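Let's take a friendly walk through a protein structure, one piece at a time. Keep the picture open as you read, and look for each part as it comes up.

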Amino acid sequence: MINVEAAGRRGGGRGGSACGKTPIGAAAASLSPCLSAARNARAAVPPACCSKVGGLIKAAPKCLCAVLLSPLAKQAGINPGVAITIPKRCNIRNRPAGKKCGGFTLP
């Protein structure tokens, strides 16, 4: 099992990270439509966010967790406890419900 916290801190474009060959910064930037929903549990989740999250879960599910736990997310004011609920709020069927992401569990 990958240590997602370490993967999130790596930040470089090295292959073998939780985001594959995609630099974690690029993965985080692709999720920019999710910013308001990742800060506020009552905010509507935009369709563009759901699309990006769904694609990321399909391509590299561990990458989403790495992004949520990254220093970039913290700097952007993302609340990981709120952000982890986005896949459920988007009704993404293939989300890895019950999987741990740091101290959080994907609902």
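The axes themselves are lines fitted to C-alpha atoms, for helices over the stretch in contact, and the angles run from 0 to 180 degrees between N-to-C directions.

What you see is a predicted model, in which local features need pLDDT of at least 70 and side-chain atom pairs count only at pLDDT 80 or more, while totals for chains, interfaces and linings use all residues. Residues are numbered from 1 along each chain as its sequence is written, and side-chain values use heavy atoms, with hydrogens and water left out.

**The overall picture**

The protein contains eight helices and two strands. Here helices (H or I, at least four residues) and strands (E, at least two) are DSSP runs, numbered from the N terminus. Starting at the N terminus, the order of the elements is α-α-α-α-α-α-α-α-β-β.

Of the 107 residues in the protein, 36% are buried. Buried means under 20% relative accessible area, exposed over 50%, and partly exposed in between (1.4 Å probe, protein chains only). The accessible surface of the protein is about 5900 Å², and carbon and sulfur atoms account for 55% of that surface. Such areas come from the Shrake-Rupley method with a 1.4 Å probe; for residues, only the protein chains shown count as cover.

A contact means heavy atoms within 4.5 Å. Among contacts between residues at least 6 apart in sequence, 55% join residues at least 24 apart.

**How α4 and α5 meet**

Now back to our two helices. The axes of α4 and α5 come within 5 Å and cross at roughly 120°. The two helices are therefore oblique to each other. On the α4 side, the meeting residues are Val53, Leu56, Ile57 and Ala59, and on the α5 side they are Pro61, Cys63 and Leu64. Sorted by class, this contact has seven nonpolar, no polar and no charged residues. For this sorting, Ala, Val, Leu, Ile, Met, Phe, Trp, Tyr, Cys and Pro count as nonpolar, Asp, Glu, Lys and Arg as charged, and the others, Gly among them, as polar.

How many of the eight residues of α5 are buried? Six of them are, so α5 is largely enclosed by the rest of the structure. These buried residues are Cys63, Leu64, Cys65, Ala66, Val67 and Leu68. Pro61, also in α5, is partly exposed, with a relative accessible area of 41%.

**The nonpolar core**

A nonpolar core is a set of buried Ala, Val, Leu, Ile, Met, Phe, Trp, Tyr and Cys residues joined through side-chain atoms within 4.5 Å. The largest one here has 30 residues, and those that touch the most other members are Leu31, Val45, Val53, Cys63, Val67 and Ile86. At least two residues of this core come from each of α2 (24-30), α3 (35-39), α4 (47-59) and α5 (61-68). With six residues, α5 gives the most to this core.

Leu31 sits in the loop between α2 and α3 and counts as buried at 9% relative accessibility. Apart from its neighbours within four places in sequence, Leu31 contacts Lys52, Val53, Leu56, Leu64 and Val67.

Ala27 belongs to helix α2 and is buried too, at 5% relative accessibility. Again leaving aside neighbours within four places in sequence, Ala27 is in contact with Cys19, Thr22, Cys63 and Val67.

**Two loop residues**

Is Ser70 buried or exposed? Ser70, in the loop between α5 and α6 (71-75), is buried, with a relative accessible area of 3%. Asn91 is found in the loop between α8 (86-89) and β1 (100-101) and is exposed, at 62%. The phi angle of Asn91 is near 60°, a positive value in a residue other than glycine.

**Pairs to find in the picture**

Each row below gives a separation along the chain and a C-alpha to C-alpha distance.

| Pair | Apart in sequence | C-alpha distance |
|---|---|---|
| Pro61 and Arg95 | 34 residues | 8.2 Å |
| Ser70 and Pro80 | ten residues | 9.7 Å |
| Ala27 and Ala66 | 39 residues | 9.5 Å |
| Leu31 and Cys50 | 19 residues | 9.2 Å |

Key
Parallel < 35°, antiparallel > 145°, perpendicular 65-115°, else oblique.
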